[in-house]
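The paragraphs below go through a predicted model chain by chain. Please keep the sequence and the coordinates open while reading.

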Amino acid sequence: MLTYALRRLVSLALSLAVASLVIFLVVEVAPGDPAAYMLGTGAQPDTIEALRSELGLDQPRLERYLSWAGGMLTGDFGTSYTYRAPVAQMVADRLWVSLPLALYALALSTLLAFPAGLYAAARRGRAGDVAVMGATQLGIAIPNFWFAMLLVLLFAINLGWFGAGGFPGWEQPLAAIKALTLPAVALALPQAAILARVLRSALIDILGEDFIRTARAKGLTRFEALWRHGLRNALIPVLTIVGLQFSFLLAGAIIIEQVFFLPGLGRLIFQAISQRDLIVVESVVMLLVFAVILVTFLTDLAYAWVDPRLRRRA
Amino acid sequence: MSLLSVETLTLRIGAKEVLHGVSLGLDPGEILALTGESGSGKSMTAFSVMGLLPQGAVPAGAIRLDGTDLLRLSEREMCRFRGQAMGMVFQEPMTALNPVQRIGDQVAETLRVHGTPRAEAEARAAETLARVGLDPERIPPSRYPHELSGGQRQRVGIAMAVALRPRLLIADEPTTALDVTTQARILDLLKRLVREDGMGLLLITHDLAVVHGIADRLAVMQGGRIVETGPTAGVFAEMRHPYTRQLFAASAHRAELGPRVTHGPLLEARGVVRDYPLPRPHPFAKRDSHRAVKGVDLDIRRGERVGLVGESGCGKSTLTRALLGLEPPTAGTITLGGAPVRAGAKDRHLRRRMQAVFQDPYGSFDPRHSVGRLVAEPLHLADNIPDREARVSEVLEAVGLSPDDAAKSIHAFSGGQRQRIAIARALVTRPDLVVFDEAVSALDVRVRAGILDLIARLSREEGLAYLFISHDLSVVRGICDRVMVMKAGEIVEDRVAEDLFAAPEHPYTRELLAAAPVLPEREREAS
């Protein structure tokens with residue numbers, strides 16, 4: 001198990017190193033002058049020159065890479081050109097919205113998906129299964145921003161249970177959670193629909209396995225066999241999807257953040273791109289890559305926890 | 001009163017009736033073997049007793065266990081019976097256990113489902129595992145199934161079934177997937193448990209030799225009916241029903257090989273070694289390797305019929321892959337007619353001269369292609385066959401099929417017919433050597449006898465040389481001039497077949513022969 005974790009850790013470190021190099025090369029070494037790009041078409045040559053030296057673009061490339069990557073490791077993400085503020089602080093502020101939102105949505109999606117998937121698998125081919133599968137089809141088909149607007153119309157405008165948008169900050173924890181609830185629901189629904197379908201089909205595959213029949217021969221009911229022997233075996237494909245969904249929820253919530261006026265990471269990237277603030281873009285992209293790789297690492301560990309056969313293999 | 005009595009059981013699955021009035025009885029402490037070919041309904045009879053039928057199956061009649069008609073019980077009541085009053089052991093020990101649960105927990109579950117408290121269930125599970133022969137020092141209950149061999153897993157399966165000391169044990173082909181020495185030990189274990197607990201054992205098996213070795217009584221099934229039943233010795237002595245006689249004759253069948261005619265060397269292997277890397281114990285450790293084949297020398301002459309026997313894990317599959325040029329040996333040389341066999345080399349002539357037939361008649365064909373296309377597939381290797389269609393028709397006829405079958409889809413054929421098609425595909429390039437890798441192991445005895453006759457005829461008429469690989473000694477005996485016995489990566493004995501079976505020299509060969517179940521003598525002479 002330890003060997004397995006160590007191996008995964010080594011592969012995590014390598015992936016990060018490669019990813020940082022690729023991001024650096026794409027942003028800084030690709031043709032065109034980042035300084036000129038950031039300042040736009042109307043910039044004066046001496047302004048560009050000033051920005052170049054401010055960004056350190058007159059330094060050798062290797063040195064620039066090392067100081068950028070080294071800065072990241074020590075928490076120094078550089079200074080945003082447009083906001084004149086340390087990127088680390090900006091990202092941290094946004095992360096305090098995006099990370100809880102992603103976790104919240106993931107928790108909701110899992111809570112919805114597991115009972116739905118289990119129920120559908122247990123009632124395979126019957127009315128309950130058809131109903132759940134129909135509902136998940138709908139859940140996947142409905143765009144989440146549209147669903148978000150429906151939620152706002154119903155719960156914020158008509159019923160007035162929730163605010164229509166904005167984020168009060170974590171100084172008021174209850175208000176903060178309340179503000180994240182509708183966005184989390186809007187994000188969770190399509191994810192839950194996908195997850196429920198994956199779980200159902202994984203369970204149905206498992207139900208055909210010999211060891212389910214063995215469990216039934218011991219006297220377990222159909223559902224007990226599904227619950228005790230099917231679920232854990234079905235977790236591998238489900239974990240894969242959960243891992244992918246988390247990465248998506250962390251960075252892919254731009255539209256939902258727009259609908260609910262949430263100051264999250266998605267909006268930060270969006271703004272940074274439209275303002276050509278390459279320093280912010282570079283750092284946030286690296287951070288997201290880190291998040292994805294970290295989630296993959298955790299998913300790998302979870303695989304080994306679920307399936308003892310993976311613990312000894314590389 | 002008998003323990004189990006099945007009374008005119010019929011079973012319908014959809015519109016089709018698969019059991020037509022099956023009746024049988026089983027006393028406590030008795031072993032009743034239910035035998036027959038695949039599709040005869042023997043497993044369906046067992047699943048009817050357990051109440052584990054596929055969806056849409058409707059049983060009728062009566063199945064009384066200690067007087068209770070199981071067919072009248074609700075599903076919930078059946079759950080109380082299963083595991084407690086009756087246990088079941090399944091065929092595939094590799095898949096019958098939950099891969100992500102410890103074996104101790106899986107055995108304890110039988111007890112816990114029926115109300116034993118956790119601590120007591122765990123203690124009794126450990127006892128039961130020891131009782132079925134899993135030494136707690138070597139195989140503690142904390143192991144996972146993948147850490148066990150096939151025979152050990154089957155012991156876990158038996159432990160789950162007998163943990164609550166049920167009155168009735170049903171074993172569905174419990175040793176079919178196991179090696180012959182393991183089979184002997186598992187059968188001994190079942191016999192011992194029956195004696196100790198006074199259980200009734202309903203043993204489902206296709207293997208008449210196994211029946212002969214273990215069963216008190218025997219019921220022969222054909223097409224959803226029991227055609228003959230009685231005490232084992234009596235049934236074997238009389239064999240009133242023609243189907244019983246056919247089964248017996250096919251089980252003891254020896255193909256008519258013809259005299260041994262060989263001309264000069266064909267395949268030569270010298271010092272073949274094959275290593276497989278093992279996972280590293282930690283990321284910076286040196287990578288160890290497992291030596292699956294340890295310096296094998298072997299020769300096959302033109303026209304010679306050679307058998308290779310060994311238990312699973314002995315390296316025979318690895319050796320076969322090296323001989324076929326599918327994987328390179330780590331060391332050693334292999335030549336076919338003097339030309340080196342190299343894995344990965346695009347040597348059309350070499351590939352043309354050596355073909356193979358594998359075990360699974362269902363998995364070895366691309367289901368989207370017609371039989372004609374499947375059979376013609378290796379022809380791109382051959383330059384000397386101008387008229388492909390004629391050649392395909394010719395080989396289809398040679399294996400006992402019709403040239404018209406070329407246009408059909410592979411779905412239209414049974415397992416035995418598919419194996420004939422596989423042989424046709426191997427023959428189409430006029431190879432010098434065909435490797436039969438467990439080619440009859442998945443077939444019913446009567447079908448198997450037909451395929452063995454076909455192979456023998458091809459040898460007689462076309463002088464085909466072959467390497468026949470099998471775990472089954474009795475099959476190899478009837479189809480080979482010379483037999484090699486492989487153990488732990490080495491060939492431990494390599495002799496003329498008659499001599500090897502008459503007077504085995506190596507202790508391992510003797511062990512294999514002693515463990516192999518045998519049919520009763522009298523009828524063997526008659527067949």
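Chain B has an average pLDDT of 90, and 98% of the residues score at least 70; pLDDT is the predictor's confidence in each residue, from 0 to 100. Helices (H or I, at least four residues) and strands (E, at least two) are DSSP runs, numbered from the N terminus. Over residues 523-527 of chain B the pLDDT stays under 50, and the model has 7 contacts beyond four places in sequence for them. Two residues are in contact if their C-beta atoms, placed from the backbone, lie within 7 Å. Where pLDDT is low, the predicted coordinates should not be read in detail.

Some conventions apply throughout. Residues are numbered from 1 along each chain as its sequence is written, while chains are lettered from A and ligands numbered from 1 in the order in which they are written. As this is a predicted model, local features need pLDDT of at least 70 and side-chain atom pairs count only at pLDDT 80 or more, whereas totals for chains, interfaces and linings use all residues.

For chain A the mean pLDDT is 86, and 97% of its residues reach 70 or more. Helix 9 of chain A has the highest mean pLDDT among the elements of that chain (93), and helix 2 (residues 34-39) of chain A the lowest (74). The model as a whole scores ipTM 0.83 and pTM 0.84.

Chain A contains 14 helices and 0 strands. Its C-alpha atoms fill a box of roughly 80 × 55 × 35 Å, taken along the principal axes. An unreviewed UniProt entry annotates "transmembrane region" at residues 101-122, 143-163, 175-196, 234-256 and 284-306 of chain A; UniProt positions are given in the numbering used here, feature names are shortened, and annotations may be inferred rather than shown by experiment. Residues 284-306 of chain A are 100% helix and 0% strand, with end C-alpha atoms 32 Å apart. Residues 143-163 of chain A are 71% helix and 0% strand, and here the end C-alpha atoms are 21 Å apart.

Two packed helices are described by the angle between their axes and the distance between the axes. Axes are lines fitted to C-alpha atoms, for helices over the stretch in contact, and angles run from 0 to 180 degrees between N-to-C directions. In chain A, helix 5 (residues 87-122) packs against helix 8 (residues 173-207) at an angle of about 35 degrees, with the axes 6 Å apart. The crossing of helix 5 and helix 8 of chain A is right-handed; a crossing is left-handed if the near helix is turned anticlockwise from the far one by less than a right angle, and right-handed if clockwise. The residues of this contact divide into 25 nonpolar, 4 polar and 1 charged. Ala, Val, Leu, Ile, Met, Phe, Trp, Tyr, Cys and Pro count as nonpolar, Asp, Glu, Lys and Arg as charged, and the others, Gly among them, as polar.

For chain B, the unreviewed UniProt entry lists "domain: ABC transporter" at residues 4-248 and 273-513. The span 4-248 of chain B is 38% helix and 26% strand, and its end C-alpha atoms lie 27 Å apart.

Helix 3 (residues 103-113) and helix 4 (residues 118-131) of chain B pack at about 120 degrees, with their axes 8 Å apart. That angle makes helix 3 of chain B oblique to helix 4 of chain B: angles under 35 degrees count as roughly parallel, over 145 as roughly antiparallel, 65 to 115 as roughly perpendicular and the rest as oblique. The residues of this contact comprise 8 nonpolar, 2 polar and 4 charged.

Helix 14 (residues 415-427) and helix 15 (residues 445-462) of chain B pack at about 20 degrees, with their axes 10 Å apart, and are therefore roughly parallel to each other. On helix 14 of chain B the contact uses G415(B), G416(B), Q419(B), R420(B) and I423(B), which meet V447(B), G450(B), I451(B) and L454(B) in helix 15 of chain B.

Which elements of chain A supply the side that touches chain B? In total, 25 residues of chain A are in contact with 29 residues of chain B. Helix 1 (2-29), helix 9 (210-217), helix 10 (222-251) and helix 14 (309-312) of chain A each supply at least two residues of that side. Helix 9 of chain A gives the most, with 6 residues. The residues on this side of chain A divide into 8 nonpolar, 6 polar and 11 charged.
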